[in-house]
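Have a look at the model, then read on.

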Number of protein chains: 2
Amino acid sequence: MAVVIPFESPSLSIGRLIDLVAPDMDRVNATILSRTGSEVTMIPEIANHLITSGGKRLRPMLTLAMARLMGYAGDGHVKLAAAVEFMHTATLLHDDVVDESEMRRGRLAARMVWGNEASVLVGDFLLGQAFKMMVEVGSLRALEILSTAAAIIAEGEVMQLAAAKNTATTEDEYLSVIRGKTAELFAAACEVGPALGSRPKDEQSACRSFGMNLGIAFQLVTTRSTTAARPRSSARMLVTTSVRARSPCLWCYLTAAAPRVSASSGGARWRTAMSPTPISNRRSR
Amino acid sequence: MAVVIPFESPSLSIGRLIDLVAPDMDRVNATILSRTGSEVTMIPEIANHLITSGGKRLRPMLTLAMARLMGYAGDGHVKLAAAVEFMHTATLLHDDVVDESEMRRGRLAARMVWGNEASVLVGDFLLGQAFKMMVEVGSLRALEILSTAAAIIAEGEVMQLAAAKNTATTEDEYLSVIRGKTAELFAAACEVGPALGSRPKDEQSACRSFGMNLGIAFQLVTTRSTTAARPRSSARMLVTTSVRARSPCLWCYLTAAAPRVSASSGGARWRTAMSPTPISNRRSR
């Protein structure tokens, strides 16, 4: 169950979250900068091309806020937050190769500048650096949460690949995809805060649940925004060349013309056909 | 310094290593099989396509052997060995995308069957699973060694990308590449054995050094074998289309017609030109 709160409410703006974690976020940004360093110059070039391109750093902010909420007084949350951002950046680099994307955050995708090969390998480097930072923090529970998340995120991405070729993707399957590919990292980013402070399991679960639901909502809202911004002709082309269209059932959430769901124990199967409604399931910034 | 021992000597065959670790290796194989499991069927299909295709499992064997050598009596070496093999498999999947390889271990590369996208993502899944297994073992030192290796391996691969476009690659740079992309995992696979048993740092370093040198030799020998097996016409074409030729200085190691090295503090710079001698720098099985 949930209460719907309009995002427009000034008192509930993200600004308060930004202000709350600002001092810690400066340390996270410094950590991110220092940990992309390498004598192999292509690595900092590619990593910083993406990292400095205007992402909101929402996931690391959640780690910092949850650690503070749970009364954690150490330093580990800074490295864990940087690790979470590196995991996110690595998946964006790999996503753009998988999706053959040309743009990311309003500028050329790294693969368009340095090539697919470099994007894959620098993503791998960032994943390695993320795990190094987690190990330095020394919390096995945080390591457990984030390594599990890494496997689930990749699983969600592969699931999406399979779903993209299946016009009969169910609502349950679609939700599984976005839980895996997007919401899992939100959930893990929130859960490591209390885990770091060795808080009780129920508090860890509550934080995880908050992150999971926020992540699902975030992906839906982002997809809706991307969809609305896309020119209709381009959207039509996308759908016509249905090979690249993802999650046929998604538009059912996003438009008034959604077909009815026939609920069953196996999940709701959409009587769907490719629609002129634009489809985009791109991972958010 | 090293003593050169002919591989042909029966008393020094790899058979003794295989026999030594056989019971543990059965457990590693069972772990590998169970940890590629996923409801997303493409994941076990791709992972097992590669894992069951005749790799020698040399890296996990080294982990098992070193753990036994150092008197480790627990169970953690089995999961660490499986994690090492998963890291290796993930890099092979990503390598084949980066190198646009069509074959791997005598059969079609996974990317030729399931596509580049799936190969990238299943590689990510295996990396996540590898870290999950390491966390389950619970040795922060082993985690430190293997997470550092993950970053160094990717760094070596990016370095190779840059070197491939530079016909003036030095011997030092070439050795840095193969240390990173191949020998680092051998070194880490050996080092985690004593680390798991909390053996002294000098013993960990000795095992690491053994693995590093074995890995460098292994890459050179593998490259030489691949080179010898390649038809001369195909080799000539490879070199003529020099865009895809890797590490121009490599053939200097492998042929009698190597140019002289002018040693200097900055490393030996080869007066190299593209040669009709075949070049291959593919990661070994």
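## Where the chains meet

Two residues count as being in contact if their C-beta atoms, placed from the backbone, lie within 7 Å. By that rule, 35 residues of chain A touch 35 residues of chain B. H7(A) gives the most to this side of chain A, with 14 residues. By class, the side of chain A that touches chain B has 22 nonpolar, 7 polar and 6 charged residues. (Ala, Val, Leu, Ile, Met, Phe, Trp, Tyr, Cys and Pro count as nonpolar, Asp, Glu, Lys and Arg as charged, and the others, Gly among them, as polar.)

Keep in mind that this is a predicted model: local features need pLDDT of at least 70, side-chain atom pairs count only at pLDDT 80 or more, and totals for chains, interfaces and linings use all residues. Residues are numbered from 1 along each chain as its sequence is written, while chains are lettered from A and ligands numbered from 1 in the order in which they are written.

## Two helices in chain B

Now for H4 (residues 76-98) and H8 (residues 171-196) of chain B: they pack at about 165°, with axes 11 Å apart. (Helices are DSSP runs of H or I, at least four residues, numbered from the N terminus; axes are lines fitted to C-alpha atoms over the stretch in contact, and angles run from 0 to 180 degrees between N-to-C directions.) That makes H4(B) roughly antiparallel to H8(B), a label for angles over 145 degrees.

Among the residues making the contact are Leu80(B) and Val84(B) of H4(B), and Leu185(B) and Ala189(B) of H8(B). The contact residues divide into 7 nonpolar, 4 polar and no charged.

Notes:
Angles under 35 degrees count as roughly parallel, over 145 as roughly antiparallel, 65 to 115 as roughly perpendicular and the rest as oblique.
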